[in-house]
Each structure stands twice: as structure tokens, then as C-alpha cells.
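Hello,

Here is the structure I promised to pass on to you. Have a look at it first, and then read my notes below.

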Amino acid sequence: MKIKWLGHSAFQITTNNYLKILIDPFISNNPVAPVKVEELAADLILVTHGHQDHFGDTMEIADRTGAAIIANHEHSVYLSKQGFEAMGMNIGGSTKVQDIKVTMLNSNHSSDMDFIEDICPGGSSCGFILTMENNRKIYHSGDTGLFGDMKTVIRDVYQPDIALLPIGDLFTMGPEEAAIAAHWINPEIVIPMHYNTFPQIEQNPLEYAERVEKLNPNIKVVALEPGEEYEE
Ligand code: NI
Ligand code: MN
């Protein structure tokens, strides 16, 4: 499988069976996006919450590619009113898309649909666990602060192998909290996200890696450049 970082919290995951999954496809207004939105392939789009730096180009990409959309219930209602077939889920639920299991989990954030003119409540923000065909588990936390589920539900029940965690601070955890999050979740690999998109969330991923190393030397921090992939 390949996990390509598209900058910010946007990732394109290509499964061993060539399913292309986009998470939080914020591309056209993303100053560090390494691709043009019209070039992106997708079979499935997952949206963690309604902020425009996550919902991003979901509708444009789904329209062009016919990709299925998974989001929370409130977003699915909005999307169906726009003519899209979105699968609404809620916290704790799972569904299968071909051979991939998608589980929606809590995050500690907000989720108004701020891309709509009159800001619209968008339910709860969330994270996702993807259970791949070989049983490897990828956790995308969405935007979040440090919260207790990371050392209980997420670590003990779901045991992710790879965690994608925000380190940018201001809107989410900063590097200090995100290092503790990595320690609590205890995955093999952490890929930092939600940093260096804008000046307000500038961070040094190498400093983050040092913080994680100090707390738990068994965790490997893989800091990608936008457009770069982690492959296994
Ligand atoms: Ni947000
Ligand atoms: Mn965000």
C-alpha cells in the first residue's frame, strides 16, 4: 500500500488492490498541494469534518471521478441535497468498502460547514481507522486536541499500525501534545500532518520526531514532503 501526503491533512492511500482513497482532499486552495485537483484519482473520499481545509474539493472530485463519499451524518444530508450519494456514518460505526473496513472515531474539535455562506452546523468532527486487506490499520485523527481515547479506545481496541497526527498547533495539537498522542496510541509509524501549510502552523517535523523518540523510541516518525509517499 502507498500513503501519499498531499499537504495539510490530505492523503491519497492506494491499497494493494489499487483502490484509491482520498482523506480530507483540500487541494485547490492548499498552497502546498503537489497536484492539481483535476488530476487526482479517487474511488472513495473520506471527510473528517466540515472545515474548508478538510472538506476542500470533495464535491468537485466526486463529481468528476464518481468516487463514493463517506462523512458524518450531517455532511451526508448536506451532500445528498447537492445531488451526491454520500454514506453518512457516526462515531463508533464501521462499514466496508470492497476489502477495506472504515471505522469512524471521535476527535476533539468542531465541525461547522464553514464553506457554506451561512455557517451551518456539521455534526461532530471525527477521525478514521482504515483496516486494510492485510489487516494493517491506518489511523487518520482528523483535527484534534490530545484526548483520553487515544490511550484507551484507540490504542487498546483498534491498535493502529500507522497514525497520521496533526502537529501544527493553534487549531490542533502542537508538537508537544502530538508527541504524547503518539506515545499513547503507540503505533509503529507516525506521519505528521496539518503543519507548514500556512505561517500560523509552521513546525519543524524533525523536532517533533525527537520529541517522540524521547517518549517512545520504538515509534518511527516518517515526515513526508508534500507529494511524497510512504510505502509498505
Ligand atoms: Ni478543523
Ligand atoms: Mn484543519
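Let's start with P187, which sits in the loop between α5 (175-185) and β12 (189-193); helices (H or I, at least four residues) and strands (E, at least two) are DSSP runs, numbered from the N terminus. This is a predicted model, where local features need pLDDT of at least 70, side-chain atom pairs count only at pLDDT 80 or more, and totals for chains, interfaces and linings use all residues. Residues are numbered from 1 along each chain as its sequence is written, chains are lettered from A and ligands numbered from 1 in the order in which they are written, and side-chain values use heavy atoms, with hydrogens and water left out.

Is P187 buried or exposed? P187 counts as buried because its relative accessibility is 4% (buried is under 20% relative accessible area, exposed over 50%, partly exposed in between, with a 1.4 Å probe and protein chains only). Beyond its neighbours within four places in sequence, P187 has contacts that include A163, A182 and I219 (contact means heavy atoms within 4.5 Å). The C-alpha atoms of P187 and A163 are 6.4 Å apart, although 24 residues separate the two along the chain.

Next, the sheet: seven strands form an open sheet in the order β7-β8-β9-β10-β11-β12-β13, with mixed pairing (two strands pair if DSSP finds at least two bridges between them). At its edges are β7 (94-97) and β13 (220-221), each pairing on one side only.

Finally, D143 coordinates both the manganese ion (ligand 2) and the nickel ion (ligand 1), which are 3.3 Å apart.

Enjoy exploring!

Conventions. Donors = N, O, S within 2.8 Å, 3.2 Å for Na, K, Ca; no water.
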